[in-house]
Amino acid sequence: KGVLVEHRSLANLVRSMIVRPGVDGSDVWAAVTPVSFDIALAEIFVPLVSGAKLVLIERDEAMDPGRLARRLETSGATILQATPATWRMLVADGWKGKRDLRILSGGEALSAELARDLRGRGCEVWNLYGPTETTIWSAIGRVVSDASTPPPLGEPVARTTLHVLDSRLRLAPIGVPGELAIGGAGVARGYLGRPAETDTRFVRNPFGAGRLYRTGDRVRRRVDGSIEFLGRLDDQLKIRGVRVEPAEVESDLEADPDVRRAVVVAAGEPPERRLSAFVQPRATFDPFVIRERLRRRLPEPMIPSEIERVDDFPLTPSGKVDRRALASRSRARRVSGGSPRNPTEELVARTWREVLRLETVGVDQNFFELGGHSLLATRILARLRSTFDVELPLRLLFEQPTVAGLAGEISRRMDAEPA
């Protein structure tokens with residue numbers, strides 16, 4: 001969707017973030033977000049307006065946890081804003097933390113475990129929440145405890161209101177789940193060329209001037225006034241920080257000449273959550289070809305990690321597709337890629353099985369076709385570095401995406417190191 005965000009809404013957010021979490025001329029802001037992602041606007045304009053130093057980090061460097069950790073040190077970074085996926089990547093790689101670093105985490109829910117991991121590294125941690133439709137961030141809160149539950153959404157940014165509403169758009173009582181609606185200076189004009197959808201989501205504000213944006217997020221207000229995130233009211237998902245609506249992926253799949261009908265479901269839990277597609281083919285069925293066609297139209301987080309053929313979809317008693325039944329199907333698959341042929345391949349295959357949670361892995365199977373992504377790649381390489389005591393950059397798994405290829409490269413690197 002094209003979201004019509006006004007300049008004054010961005011200016012309001014910039015001014016608010018300069019005050020809270022606080023940015024001034026002594027700060028160094030390390031920017032890692034691609035400019036196509038809305039939170040990049042905060043990374044660029046908050047430091048420029050506040051007088052802080054802005055350090056732009058190349059995408060390849062930002063995706064490699066070892067290189068990113070070193071860059072944070074050499075640049076003198078005091079602020080890094082990133083999605084939980086990036087923070088998990090650093091933690092999984094053994095990052096020790098940086099005591100003068102302010103961590104801004106947003107784009108998807110911050111788990112209690114990750115919040116504890118980050119605070120345990122001596123860092124100041126802030127939880128950020130907000131949809132694009134209300135200009136990047138609408139709530140910001142510092143994580144001050146190591147509670148067993150996820151941190152709340154935080155306090156609203158300047159000139160912003162947060163309301164928990166029932167189905168009739170009335171305020172829900174404290175402790176009762178409802179939909180989060182956001183009002184104030186950050187609310188966008190609507191969706192470009194989608195008046196009907198704009199009218200559904202951007203509604204009259206019964207509590208003041210302007211409009212409210214209905215987020216579709218299920219929340220509840222706690223006794224202390226904070227807001228607890230409970231999930232979604234619809235099928236929308238967050239896959240590695242990107243909003244994904246399964247219906248949109250289904251539509252793109254059904255536009256494929258080899259697909260008659262498709263159903264897309266979420267499999268796994270964050271941070272391993274991924275998309276699985278089940279398709280009824282027209283005639284031929286080649287999941288690799290279908291996936292490559294999707295890549296021409298969709299960003300990587302919207303590409304199903306597995307595409308499975310089905311003759312019929314399971315149905316609920318009411319006759320609808322049983323998405324839960326599809327989501328619970330075993331991911332175990334028949335191995336056709338061969339068995340490990342030496343100790344190095346066996347150790348690499350075992351690591352893949354444990355991280356990908358598969359019963360079997362063939363040495364010639366593609367990591368990304370088995371459900372792998374950059375975060376899982378980071379975990380695998382961190383384990384293999386420890387196992388073999390050899391340096392393995394993140395790009396290596398993209399260049400050698402099979403057990404055989406990766407094991408061969410590990411052997412070459414070990415042989416090349418001085419005794």
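**View A. An open sheet of seven strands, in the order 2-1-3-4-5-6-7.** The pairing in this sheet is mixed; two strands count as paired if DSSP finds at least two bridges between them. Strands here (E, at least two residues) and helices (H or I, at least four) are DSSP runs, numbered from the N terminus. Strand 2 and strand 7 (155-156) sit at the edges with a single partner strand each, so one side of each has no neighbour in the sheet. A quick word on what you're looking at: this is a predicted model, where local features need pLDDT of at least 70 and side-chain atom pairs count only at pLDDT 80 or more, while totals for chains, interfaces and linings use all residues. Residues are numbered from 1 along each chain as its sequence is written, and side-chain values use heavy atoms, with hydrogens and water left out.

**View B. Strand 1 (residues 28-31) beside strand 2 (residues 53-56).** These two run parallel and are joined by four bridges. Going from strand 1 to strand 2, the chain passes through helix 2, and this β-α-β crossover is right-handed (with the strands pointing away from the viewer, the path from the first strand over the helix to the second runs clockwise). Look for Ala-31, whose bridge partner in strand 2 is Leu-56.

**View C. A nonpolar patch made by Leu-41, Phe-45, Leu-48 and Val-49.** The patch covers about 360 Å² of surface. Patches are made of residues with over 30% relative accessible area and no salt bridge, joining like charges within 9 Å and nonpolar side chains (Val, Leu, Ile, Met, Phe, Trp, Tyr) within 5 Å. Accessible areas come from the Shrake-Rupley method with a 1.4 Å probe, and for residues only the protein chains shown count as cover. Phe-45 belongs to helix 2 (residues 40-50) and, at 35% relative accessibility, counts as partly exposed. On that scale, buried means under 20% relative accessible area, exposed means over 50%, and partly exposed is in between.

**View D. Tyr-191 and Phe-202, ring against ring.** Their ring centres are 5.6 Å apart and their planes are at 75°, so this pair is edge-to-face. Rings of Phe, Tyr and Trp (its six-membered ring) pair if their centres lie within 6.5 Å; planes under 30 degrees apart are stacked, over 60 edge-to-face, and the rest tilted. Tyr-191 is in the loop between strand 9 (178-184) and helix 7 (195-201), and Phe-202 is in strand 10 (residues 202-204), so the pair ties together parts eleven residues apart in sequence. Both residues are buried, and together with Tyr-213 they form one aromatic cluster.

**View E. Arg-214 meets Glu-179 in a salt bridge.** The N to O distance is 3.0 Å; a salt bridge is a side-chain nitrogen of Lys or Arg within 4 Å of a carboxyl oxygen of Asp or Glu. Arg-214 comes from strand 11 (residues 211-221) and Glu-179 from strand 9, 35 residues apart. Arg-214 is partly exposed at 25% relative accessibility, while Glu-179 is buried at 9%. The structure holds 28 salt bridges.

**View F. Arg-341 paired with Glu-345.** Here the closest N and O atoms of the salt bridge are 2.8 Å apart. Arg-341 counts as exposed, at 58% relative accessibility, whereas Glu-345 is buried, at 4%.

Methods:
Buried means under 20% relative accessible area, exposed over 50%, partly exposed in between (1.4 Å probe, protein chains only).
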